[in-house]
Amino acid sequence: MRIAIIGYSGSGKSTLAKALGAQYDCPVLHLDALHFLPGWQERDDQDTLALLTPRLQEESWIIDGNYSALAYWERMELADQIIFLNFNRFQCLWQAYRRYLHNRGQVRSSIAPGCLEKFDWEFFCWILWNGRSKRHRSRYRQVMQTYPQKCTVCRSHRDIRRLKEKYL
């Protein structure tokens with residue numbers, strides 16, 4: 001089983017990936033954990049891709065994250081199921097802020113070692129505006145149109161509960 005979880009920042013991609021991974025005893029790969037180095041330094045895309053590529057060939061995986069430069073369309077093609085978390089921007093902002101309050105001063109398991117939880121102006125703007133650009137929305141729409149038979153869109157926690165009931 002191969003599941004790609006995509007969606008907006010703060011929508012709960014990593015949380016869902018962990019739940020599905022535990023349920024199916026399937027390896028989970030958080031792209032944020034590959035992309036970042038300690039101190040929130042960004043790893044070069046080619047170096048990150050070199051870490052990701054062998055994982056894509058595994059028989060089963062759950063990968064959460066977007067990162068268009070990291071074999072995005074290859075992941076979508078290889079995935080048996082694509083889950084798009086399409087929560088509204090204010091729900092994502094609230095969830096990201098709540099995550100920050102819960103994990104402040106700590107490193108989450110879904111992020112690279114040495115990356116303390118943070119919530120800054122740049123991330124605030126990313127959640128509300130920059131991460132929802134026309135280019136990003138268009139890519140999500142293209143995934144839904146290209147792979148309608150294997151896409152599930154969740155717009156709320158109710159949708160996620162229904163998804164879990166169906167697959168868990």
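Arg 108 touches Arg 99, Asn 103 and Glu 117, leaving out residues up to four places away in sequence (contact means heavy atoms within 4.5 Å). Arg 108 sits in the loop between H5 and H6; helices here are DSSP runs of H or I with at least four residues, strands are runs of E with at least two, and both are numbered from the N terminus. With a relative accessible area of 12%, Arg 108 is buried (buried is under 20% relative accessible area, exposed is over 50% and partly exposed is in between, using a 1.4 Å probe and protein chains only). The side chains of Arg 108 and Glu 117 are joined by a polar contact of 2.4 Å; such a contact is a pair of N or O atoms within 3.5 Å, where within protein one must be able to donate a hydrogen and the other to accept it, and residues adjacent in sequence count only if both atoms are side-chain atoms.

A word on the model itself: it is predicted, local features need pLDDT of at least 70, side-chain atom pairs count only at pLDDT 80 or more, and totals for chains, interfaces and linings use all residues. Residues are numbered from 1 along each chain as its sequence is written, and side-chain values use heavy atoms, with hydrogens and water left out.

Back to Glu 117, the partner of Arg 108 in that polar contact. Glu 117 also lies in the loop between H5 and H6, and its relative accessible area of 7% makes it buried. A polar contact of 3.3 Å links its side chain to that of Arg 99. Apart from residues up to four places away in sequence, Glu 117 touches Arg 99, Tyr 100, Asn 103, Arg 104, Gly 105, Gln 106 and Arg 108.

Arg 99 belongs to helix H5 and is partly exposed, at 24% relative accessible area. Beyond its neighbours within four places in sequence, Arg 99 is in contact with Arg 108, Glu 117 and Phe 123. For Arg 108 and Phe 119, the C-alpha distance is 13 Å at a sequence separation of eleven residues.

Next comes the largest pocket, which holds about 1,400 Å³ of space. On a 1 Å grid over the protein atoms alone, a pocket is an open set of points where a 1.4 Å probe fits, with protein on both sides within 12 Å along at least five of seven lines, and lining residues have an atom within 4 Å of a point. Grid points are joined across faces, edges and corners, and the volume is the space filled by probe spheres set on the points. Its lining has 47 residues, and those closest to the centre are Ser 9, Lys 13, Asp 32, Phe 123 and Trp 126. Two or more lining residues come from each of helix H1 (13–24), helix H2 (31–35), helix H5 (89–103), helix H6 (121–128), helix H7 (134–146) and helix H8 (157–167). H5 gives the largest share, six residues. Sorted by class, the lining has twelve nonpolar, 19 polar and 16 charged residues; Ala, Val, Leu, Ile, Met, Phe, Trp, Tyr, Cys and Pro count as nonpolar, Asp, Glu, Lys and Arg as charged, and the others, Gly among them, as polar.

Two glycines in loops are worth a look. Gly 131 lies between H6 and H7 and is buried, with 7% relative accessible area. Gly 131 and Ser 9 are 122 residues apart in sequence, yet 7.5 Å apart in space, C-alpha to C-alpha. Outside four places in sequence, Gly 131 is in contact with Tyr 8, Trp 126 and His 136. Gly 12, in the loop between strand S1 (2–7) and H1, is partly exposed at 24%. Most residues other than glycine have a negative phi. Asp 25, however, has a positive phi near 50°; it lies in the loop between H1 and strand S2 (28–30) and is exposed at 73%. Tyr 67 has a positive phi of about 45°, and at 22% it is partly exposed.

Finally, the largest nonpolar core has 42 residues, with Ile 83 among those that have the most contacts inside it. Such a core is a set of buried Ala, Val, Leu, Ile, Met, Phe, Trp, Tyr and Cys residues joined through side-chain atoms within 4.5 Å.
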